[in-house]
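Colleague: I am new to reading models. Please take a close look at the salt bridges for me, and go step by step.

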Amino acid sequence: MKYRIKRKIKGTCFILPAFLLHLTVIVLPALSMIYYAFTKWNGLNAPEFIGLDNFRRMLQDYDFLFAMKNNLIWMTIFLVVPFIMGLGMALVFTKIGKIQMVFRTLCFLPYVVSATVSGKIFAVFYSPYSGIGSFFERIGVSALADFAPLGNEKQALYAAAFVDNWHWWGFVLVLMMSALHQVDTSLYEAAKTEGANGWQMLVHVTIPQIKPTIIAYFVFVIVAAFTTFDYVWIMTQGGPAGSTEVFATRIYKTTFINYDAGYGAAMSLSVCLLALTVYFILRIIQRKGAREE
């Protein structure tokens with residue numbers, strides 16, 4: 001009995017510093033955000049309680065609603081493009097033997113590069129002065145000489161998303177390869193015996209067998225899409241003319257540049273609740289599907 005008590009005390013003492021740090025840095029500020037969301041506060045003076053005024057203002061805030069649209073576009077891109085690339089290349093790499101390790105490593109390398117480094121490199125690449133556009137101008141390809149997507153309101157968001165895709169898809173590749181290695185090969189042999197072609201085996205064998213991994217990927221991407229910040233801020237800071245504003249950049253500017261911390265807290269709380277709602281809906285759908293199977 002004494003041994004068990006000592007063991008519990010040691011375990012508690014071991015995790016206590018991390019718990020206190022998490023409580024101080026994460027939990028308490030998050031709880032205080034809930035209170036500040038109902039106040040008018042500039043981050044310096046005493047907050048003034050105003051009830052639901054911040055949330056009413058949010059529903060009429062064009063910039064916030066535009067940021068929501070951009071987050072939905074970002075989410076759609078990441079639900080489709082990295083998944084297709086990752087699964088497609090994983091299916092190819094699993095059929096090429098030991099040399100797959102070389103290609104898998106090369107594809108995974110961008111994932112270990114920090115967002116700051118990747119963003120700055122591609123910002124230079126997209127630059128009209130030092131980027132690919134100036135290169136085409138020097139070699140006489142005038143049609144591509146003006147290529148500077150970060151300065152184009154219609155292209156900037158997709159240009160930033162491309163860089164994040166370049167960074168992210170290698171991880172998706174490794175994730176899908178891990179899932180494919182768990183598929184029972186006897187199922188493929190049975191499908192071939194029945195005369196199934198490659199597409200039929202993909203749809204009726206591969207995807208059903210890796211369905212839990214696919215669902216987990218979709219849940220992660222949907223939740224993460226609400227908090228995307230790094231690549232957009234590093235490459236465009238929400239510009240040009242606010243065309244790449246997302247939730248996180250809008251909240252950052254509102255809180256730390258416009259000194260409207262109360263309204264920023266209300267937007268943060270709304271985004272958190274929206275992400276949690278989507279997460280729980282997906283979890284319910286996943287559990288319902290598991291029970292039906």
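Modeller: A salt bridge is a side-chain nitrogen of Lys or Arg within 4 Å of a carboxyl oxygen of Asp or Glu. Side chains of opposite charge can pair when their charged atoms come close. By this rule, there are five salt bridges. This is a predicted model, in which local features need pLDDT of at least 70 and side-chain atom pairs count only at pLDDT 80 or more, while totals for chains, interfaces and linings use all residues. Residues are numbered from 1 along each chain as its sequence is written, and side-chain values use heavy atoms, leaving out hydrogens and water.

Start with Lys253 and Glu245. They form a salt bridge, and their closest N and O atoms are 2.8 Å apart. Is this pair buried or exposed? Some cut-offs first: buried means under 20% relative accessible area, exposed means over 50%, and partly exposed is in between (1.4 Å probe, protein chains only). Lys253 is buried, with a relative accessible area of 18%. Glu245 is buried too, at 6% relative accessibility. Both residues belong to a network of salt bridges, which also links Asp63 and Arg250.

Now turn to Asp53. Its salt-bridge partner is Arg56, and the closest N and O atoms are 2.7 Å apart. Both sit in helix H2, residues 53-59. Helices here are DSSP runs of H or I with at least four residues, strands are runs of E with at least two, and both are numbered from the N terminus. Asp53 and Arg56 are three residues apart in this helix, so about one helical turn separates them. Asp53 is partly exposed, with a relative accessible area of 38%.

Next comes Arg57. Its side chain meets that of Asp260 in a salt bridge, at 2.8 Å from N to O. Arg57 lies in helix H2, whereas Asp260 lies in the loop between helix H12 (247-257) and helix H13 (261-292). The pair therefore ties together parts that are 203 residues apart in sequence. How do the two partners compare in accessibility? Asp260 is buried, with a relative accessible area of 18%. Arg57 is partly exposed, with a relative accessible area of 40%.
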